[in-house]
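Opening the notebook on this one.

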Amino acid sequence: PEPSSRNGVRRFPDNFRFGTATAAYQIEGAWNADGKGENIWDHMVHENPSIILDRSNADTTTDSYHNYKRDVEMLRELGVDTYRFSLSWSRILPEGFSHKINQEGVQFYNNYINEMLKYNITPMVTLYHWDLPQKLQEYGGFLNPMISDWYEEYVRLAFELFGDRVKHWITFNEPCITCNDGYGGRYKAPNVNTSGIGEYLCIKNVVLSHAKAYHAYQKDFKSSQHGQIGITMIINWQEPLTDSEDDALAAELKRQAEWGVYVEPIFSKHGGFPREIVDRVAEKSAEQGYAWSRMPEFTDEEREFVRGSADFLGVNHYTAFYIAALEKNPEYPVPSLLDDIGIDDYIPHRWPKAASPWLTKAPRSLYKTLMNLKSRYNPTIIITENGWSARNAGLIDDDRVDYYRDALEDVLDALNEGVKLKGYIAWSLMDNFEWNQGFTERFGLYQVDYSDAKRTRTPRKSAFVYKQVIKSRVVDHHYEPDMSVMTID
Ligand code: GBH
């Protein structure tokens with residue numbers, strides 16, 4: 001972007017928080033150690049190895065279960081305030097329910113959290129990052145409305161066990177991956193193909209699960225623990241391809257399908273699902289001969305229960321897409337959420353490409369996203385993920401450095417515009433198991449050497465640059481780090 005567009009204060013306020021993020025399945029390994037139960041990712045990759053591009057799995061991955069002290073040391077090297085990581089439900093509750101608590105799993109998280117606190121690093125805990133206990137899947141998982149009670153039972157235990165020290169909770173990471181991909185037949189666990197029906201049941205059940213967790217915390221924990229609870233969405237920028245009304249609606253439907261169905265019920269004044277998608281699915285369902293809409297509604301009581309049930313919105317932002325209306329996209333099964341919304345997406349050739357096919361460096365996409373959220377709900381926001389993938393394992397990652405610098409300039413612009421943005425968390429602390437892409441895509445500020453049993457971690461150039469931003473509170477586009485030695489300041 002033109003330098004002239006970067007106006008205002010170019011310094012991060014002292015109370016603005018910086019962090020890095022990971023997720024349990026992607027980093028812990030030790031998949032069946034010390035009493036951990038199987039989860040839906042363990043199950044899927046073991047049953048069906050070819051669902052992962054390089055036929056790898058996360059049985060060991062970066063082995064953070066054993067390397068957690070090194071992880072915390074890296075956080076200290078970077079000088080971050082916050083570490084966002086997730087709890088593995090089945091490591092704590094091997095069968096999903098609290099009748100059997102795995103004390104060794106609890107001990108692991110206590111050790112991890114205490115190690116962070118020892119060095120003044122604030123833990124931010126994601127309660128669910130896609131890894132449901134397999135047992136609960138056998139009872140229907142997120143298609144069973146009982147899931148909101150099961151989830152409440154689990155999160156209450158997490159609040160009891162860790163809430164004396166953890167003050168930042170995220171109920172769900174990117175629930176659209178659970179629902180639209182996991183139940184919509186798009187190769188994420190549990191990989192059950194219930195597109196067009198199950199995926200909508202899942203959406204409603206996730207929203208109610210979130211709200212139950214929020215209310216449980218307000219009722220029984222907030223007054224003694226004083227923490228905050230939010231929910232994290234993937235919110236990329238969706239730009240209509242043309243000025244036509246159809247493309248504008250298509251872009252809006254894409255936003256609603258990915259995050260609006262969760263955010264609108266929680267953050268809007270009126271509550272409930274976003275109108276356009278509700279009408280659209282009702283219409284399509286009728287055309288297809290269903291006696292009812294495939295998208296369930298909330299009862300009035302449920303709508304009120306959900307409305308306002310969050311202290312902040314977590315935003316995972318990576319990129320942008322152009323969206324056009326396309327009534328019948330032959331790629332999508334019927335019925336499915338993707339067929340319902342009737343869209344096609346495009347990525348312009350001119351945007352620099354990362355290793356992930358969906359990820360490009362789209363100009364000012366983070367700024368546009370934050371301004372759009374401000375105009376809709378003006379929520380308190382934490383950027384809970386932002387990052388860049390490479391196929392190359394090397395340490396000189398100038399494309400990642402460019403990506404982060406421009407994203408951080410967008411953050412400054414948004415702060416200048418009064419967006420209630422409290423912090424920025426980079427994805428990821430280190431290379432890790434990138435879901436269906438296995439180990440073929442690397443997002444790490446630190447490189448991980450998978451050929452080494454110790455899973456040695458080494459800082460990349462981007463780690464040094466991020467450290468400098470955190471320390472100096474400014475983005476210096478000319479800073480060239482001395483990479484010969486990483487220090488703890
Ligand atoms: C995040 O998702 C996740 O929270 C994190 O665990 C992950 O490691 C990180 O990003 C990097 O991917 O292959 O065209 O079907 C980001 C949102 C949504 C991006 C699913 C990839 C699949 C696109 N992701 N999407 S496609």
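My entries follow, and the model I am reading is a predicted one.

**Entry: Asp-63**

I started with Asp-63, which sits in the loop between helix H2 (40–47) and helix H3 (64–78). Does it end up buried or exposed, and which side chain of opposite charge is nearest? Asp-63 is buried but has no salt bridge, and the nearest opposite charge is Arg-455, 6.6 Å away. What I did find is a polar contact between the side chains of Asp-63 and His-66, at 2.8 Å. Setting aside neighbours within four places in sequence, I noted Ile-27, Glu-28 and Arg-455 as contacts of Asp-63.

**Entry: strand S3**

Next I looked up S3, residues 122–126. Four of its five residues are buried, so the rest of the structure largely encloses this strand. Which strands does S3 pair with? One is S2 (residues 82–86), parallel, over five bridges. There I found Thr-82 opposite Thr-122 of S3. Another is S4 (residues 168–173), also parallel, over three bridges. On that side Met-124 has His-168 in S4 as its bridge partner.

**Entry: salt bridges**

How many salt bridges are there in total? The count came to 43, and I picked out a few.

In helix H7 (residues 147–162), Glu-152 and Arg-156 are four residues apart, about one helical turn. Their side chains meet in a salt bridge at 2.8 Å, N to O. Glu-152 is buried at 19% relative accessible area, while Arg-156 counts as partly exposed at 22%.

Helix H11 (residues 245–267) has Lys-254 and Glu-258, again four residues apart and separated by about one turn. This salt bridge is 3.5 Å, N to O. Both ends are buried: Glu-258 has 16% relative accessibility and Lys-254 has 8%.

Lys-254 also turned up in a salt bridge with Asp-345, at 3.9 Å, N to O. Asp-345 lies in strand S9 (residues 343–346) and Lys-254 in H11, so this pair ties together parts 91 residues apart in sequence. I have Asp-345 down as partly exposed, at 32% relative accessible area.

Last, I wrote down a network. Salt bridges with shared partners link Arg-6, Arg-10, Arg-364, Glu-409, Asp-410 and Asp-413.

Note on methods. Residues are numbered from 1 along each chain as its sequence is written. This is a predicted model: local features need pLDDT of at least 70, side-chain atom pairs count only at pLDDT 80 or more; totals for chains, interfaces and linings use all residues. Side-chain values use heavy atoms; hydrogens and water are left out. Helices (H or I, at least four residues) and strands (E, at least two) are DSSP runs, numbered from the N terminus. Buried means under 20% relative accessible area, exposed over 50%, partly exposed in between (1.4 Å probe, protein chains only). Lys and Arg count as positive and Asp and Glu as negative; His and the chain ends are not counted. A salt bridge is a side-chain nitrogen of Lys or Arg within 4 Å of a carboxyl oxygen of Asp or Glu. A polar contact is a pair of N or O atoms within 3.5 Å; within protein, one must be able to donate a hydrogen and the other to accept it, and residues adjacent in sequence count only if both atoms are side-chain atoms. Contact means heavy atoms within 4.5 Å. Two strands pair if DSSP finds at least two bridges between them.
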